[in-house]
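Dear colleague,

Please find below the structure that I am handing over to you. A short account of what was found in it comes after.

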Amino acid sequence: MHAKLLKEVEEEVTKFLCELIRINTTNPPGNETVAAKYVAESLRSEGFECEILESAPERGSVITRLKGTGEKPNLLLLSHLDVVAADAKEWSVDPFGGVVKDGFVWGRGALDMKGMTAIEVMVMKLLKRNGVKLKGDVILAATADEEQGGLSGADYLLRNHPEKIYAPYVLNEGGGSAMPTRNGNVFTVQTAEKGILWFKVKAKGTPGHGSMPNVADNAIMRMNKVIAKLGNYQSKVSLVPTVKKFLEELARQDPTLKEPFTRLLRTPERSDQILDELSKTTPQLAEEIRPRLKMTVTPTIIHGGIKENIIPSECETVFDCRILPGQESTQTIGLIKTLLGEVDSEKLVFKELQTQEPSESTAETPLYTTIANVLQEFEHNCGVTPMLTTGGTDSRFFRRKGSVCYGFHPMYPEIVSGKIIKLEHGIDERISIKNLIFGTSVLYETVKNFMT
Ligand SMILES: [Zn+2]
C-alpha cells in the first residue's frame, strides 16, 4: 500500500514557514520569544493551549500538548526556534525574507530547523482536526538556544519544567534525509551523536630577539610539537551499534559497498586502509565514515606572537575534540593530558572549555519499527538506517534522562542542477516545497501509527 502525500497542506505549511523565517532569531542573541509567540498564536487559533516559558527575557520556548488516554508512552515533537547568523551580502535573496522561489522556501532556518518546526506544528493541527484518538500524549516543544548549546532552551526546560516537556520518546532534528544509493534511497534516523570536548592548550616559553633563536625558548615551536603529537595520535577504532547497523544497511542497499564494508566490520582496526581504498571511488562517503569510527582532535584557533622580531613566550591553541558514545570526557581529558606530558610536562597548560557527553538510543524500539514501516509505505524497498552524527543536537539532554530520541526530519535529497545540495548553516539555505509536504506526510503517519 502506498500512503498518500498530504498535498492539501502545501499552502498552509509553506506560509507558516515563510512567516517563521521572517522572525529573525539569530543566536546570539536569539530573541526567540517573538517566534514562540507566533507558534503559540497559530496553535491557539485551532484550540490548542500553549505555554511560553522564558529562561531569560526574550529567550522563550513554546510548549503544547494533545492529551491521550495514557495507554501508551508519551511522544515529544521537538524543534528549536533559533538560527545561526546569515550575511545578507552573500545570499541571493534576503535570508530573513521568507521568499518562495523555484519551488523552494528560502531563508535562514529553512532546514535548520524552522522547516521541521513548521512540519511538527502542521502534524499537531492535523491530529486535532482529524480527531485522531491518541493512546498517549503528543507534546510539541519549539525551544530557544540550540545553536549555542541549548542551556537556555531544552536543557533549561528539562531541568526546571520536566513535567511539561519530558517524554519517553522524542523526535527531533539530526536525521531523516535520504541517501541515494544504487538500489534506491536509504533514509537515515539519527540514533546517536558524538560528544564534544573543546579545550585550550597554552604553551609557555622565554621571550627573546627573533634574530637570536637559540637564546630564547620559542612557545610557537613548543606548540608545534603539541599539534603534531595530538594530530598524529592514533585513537582506537570503536564500532558503536549505530555505526555497525549503518554500514550493514548501506552494504545491503549498494552491492559495490558490500565487500569493503564487510571487511571493515570484520577488521575495524584496519579501517584507515579500507577507507583510503574506498576514497578512490567514493571519497565523500569514505570521509563521512572515517570520523564516525573514532575520536577526532582538530586544532581550530591559534594565537601566538605580537611582533615580527620578538620570539613569543606564549602560544595558545583551541582544539575541537569529538568523542564516540561509550567514550567519556573525563577519560579523554586524562589521555590528552598524558600526551601533553610526553611533549613537555612543565610548560604546557591544559584548560577545558566545554563538554557535551556523547549519546546513543537503541534502534530496537517500536518507534523505530513504525518509522521504517511508514517509510516503506511512501517508498517501496527504500532502506532505513540508524545513523550517528558527528555534531550534536538537543537530543543529548533527553537521552541523558533516559528518553529514546531519534533525529528524524524526513526528506528526499534536495537536488539542484543534478547535484545534491546541503545547506544547513550555509548560504542560500532552502527547503523544497516537495519536501515540506513529504516531511509533513511521513511525520503525520508516523505519529498517528505510533500513538494509536
Ligand atoms: Zn539545528
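The following paragraphs cover a helix pair, a loop residue and some backbone features.

Please note that the model is a predicted one.

Helix H12 (residues 366–378) and helix H14 (residues 433–451) have axes that come within 9 Å and cross at roughly 135°. The two helices are therefore oblique to each other, and their crossing is right-handed. On the H12 side, the contact is made by Leu 367, Thr 370, Ile 371, Val 374, Leu 375, Glu 377 and Phe 378, while H14 contributes Val 442, Glu 445, Thr 446, Asn 449 and Phe 450. Seven of these contact residues are nonpolar, three are polar and two are charged.

Phe 450 also has its C-alpha atom 9.0 Å from that of Lys 135, although 315 residues separate the two along the chain. Lys 135 is found in the loop between helix H3 (114–129) and strand E6 (138–143). Lys 135 counts as partly exposed because it has 15 C-beta neighbours inside 10 Å. Leaving aside neighbours within four places in sequence, its contacts are Gly 68, Thr 69, Glu 71, Lys 72, Met 451 and Thr 452.

As regards the backbone, most residues other than glycine have a negative phi, and most peptide bonds are trans. The loop between helix H1 (10–22) and helix H2 (33–44) holds Pro 28, and the peptide bond from Asn 27 to Pro 28 is cis, with omega near 0°. Asn 31 is placed in the loop between H1 and H2 and has a positive phi, near 50°. With 19 C-beta neighbours inside 10 Å, Asn 31 counts as partly exposed.

Yours sincerely

Terms used: Residues numbered from 1 in each chain as written. Predicted model: local features only at pLDDT ≥ 70, side-chain atom pairs only at ≥ 80, totals over all residues. Axes fitted to C-alpha atoms, helices over the stretch in contact; angles between N-to-C directions. Helix = DSSP H or I, 4+ residues; strand = E, 2+ residues; numbered from the N terminus. Parallel < 35°, antiparallel > 145°, perpendicular 65-115°, else oblique. Left-handed = near helix turned anticlockwise from the far one by under 90°. Contact = placed C-beta atoms within 7 Å. Nonpolar A, V, L, I, M, F, W, Y, C, P; charged D, E, K, R; others polar. Buried ≥ 20, exposed ≤ 12 C-beta atoms within 10 Å, placed from the backbone.
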